[in-house]
Amino acid sequence: MIPLGRKDFPSPREDLAQALDAAFHRFVQKIGRIVDLRSRVFPLVDEIRINLDGGKLDSPPPLAKVEGETQRAFETAVVNVTGRNISIRGVPVDLRMEIHDVVFDKGADANGEALLVLHRAREGQLVLAAGQLNLEQAIIRIAGERARLYGIELEQVRLAMRARGRRSLAADLQIWAKKFFARAKIDIYVQFDITNEFVAKISQLKCRGDGKLGSFACATLQPLFQRILEKSLPLKSLPLLGDLQLRDVHVAVADTVDLRIDFGSHQA
């Protein structure tokens, strides 16, 4: 569902392309055009191309809710999304998505703002990939900021991830830290699983530290770890899927960590 930031729904092809481009620019920092729409006989659209390459996303896309009935807007044979070297909250990620035989509806939110609603799609696939070294650098930045609140400096961080199955991965995190003249090595083990019902959950989260500093760090992290272990995320309930059905999720780990999501409309 895409908020268009206007009261009327665009009808000419070029007007629609410009409205979609402006909608994406509201949450993606990127110079140049993002959306290209190809259509010979509107409202039959041959292809929508969304180019997020080099873009920066510091906040999630705006969510909106349709008020009242929707009407058919247009159909397109394919929607292609590319996102090479995009930054999501400072983490470099590659993204690609392809959706086939898509039907879009038009509606409005509670304020009367026009919405574009993905009504139906035969099939689609989303792939997200992040390099292990890039994830390691993100951990250094995020964990380093938190550690400094306690007067702790991270000297070195090493991340090693591996797949444990189609929907499971494990990560070993080694941290060398110091506080004043005390030094410690802290080992953190994380296991992430997605069930057959597509519920994502951290199933294991363990910390072991050497010496007083290591024990202090693990004791400080324990309440946070406990809260994380108690949480789960039903992927089927994600609002970005709308009325689409989640069909498969697959994780793979090499130099990059890849998450592939297959989806489509409910089959009769």
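Accessible areas here come from the Shrake-Rupley method with a 1.4 Å probe, and for residues only the protein chains shown count as cover. By that method the protein chain exposes about 15300 Å², and carbon and sulfur atoms supply 55% of this area. This is a predicted model, in which local features need pLDDT of at least 70 and side-chain atom pairs count only at pLDDT 80 or more, while totals for chains, interfaces and linings use all residues. Residues are numbered from 1 along each chain as its sequence is written, and side-chain values use heavy atoms, with hydrogens and water left out.

Let us begin with the whole chain. Its C-alpha atoms fill a box of roughly 70 × 40 × 35 Å, taken along the principal axes. The protein chain holds three helices and 14 strands; helices (H or I, at least four residues) and strands (E, at least two) are DSSP runs, numbered from the N terminus. Of the 268 residues, 39% are buried, where buried means under 20% relative accessible area, exposed over 50%, and partly exposed in between (1.4 Å probe, protein chains only). Contact means heavy atoms within 4.5 Å. Among contacts between residues at least 6 apart in sequence, 54% join residues at least 24 apart.

Arg-6 lies in the loop between β1 (2-3) and α1 (13-25). The side chains of Arg-6 and Asp-15 are joined by a polar contact of 3.3 Å. A polar contact is a pair of N or O atoms within 3.5 Å; within protein, one must be able to donate a hydrogen and the other to accept it, and residues adjacent in sequence count only if both atoms are side-chain atoms. Not counting residues up to four places away in sequence, Arg-6 touches Asp-15, Ala-19, Gly-112, Glu-113 and Ala-114.

Next come the strands. Strands of a sheet pair through backbone hydrogen bonds, either parallel or antiparallel. Two strands are taken as paired if DSSP finds at least two bridges between them. Strand β2 (residues 35-38) and strand β3 (residues 44-51) run antiparallel and are joined by four bridges. Val-35 has Ile-50 of β3 as its bridge partner, and the hairpin of β2 and β3 has five residues between the strands. β3 also pairs with strand β5 (residues 71-88), here in the parallel sense and over seven bridges. Within that pairing, Arg-49 has Asn-80 of β5 as its bridge partner.

Strand β8 (residues 153-165) pairs with strand β9 (residues 168-179) over 11 bridges, and a hairpin of two residues joins them. One of the bridge pairs is Ala-163 with Leu-169. In the two-residue hairpin of β9 and β10, Phe-180 takes a positive phi near 60 degrees.

Which residue of α2 deserves a look? Glu-136 lies in this helix and is buried, with a relative accessible area of 6%. The Glu-136 side chain reaches the backbone nitrogen of Leu-159 at 2.9 Å. Leaving aside neighbours within four places in sequence, Glu-136 is in contact with Val-157, Arg-158 and Leu-159.

Our last stop is a covalent link. The structure holds one disulfide, a term that here means a pair of cysteine sulfur atoms within 2.5 Å. Cys-207 and Cys-218 form the disulfide, with their sulfur atoms 2.0 Å apart. At -70 degrees about the S-S bond, their link is left-handed. Cys-207 lies in strand β11 (residues 199-209) and Cys-218 in helix α3 (residues 211-229), so the pair ties together parts that are 11 residues apart in sequence. Cys-207 is partly exposed, with a relative accessible area of 23%, whereas Cys-218 is buried at 11%.
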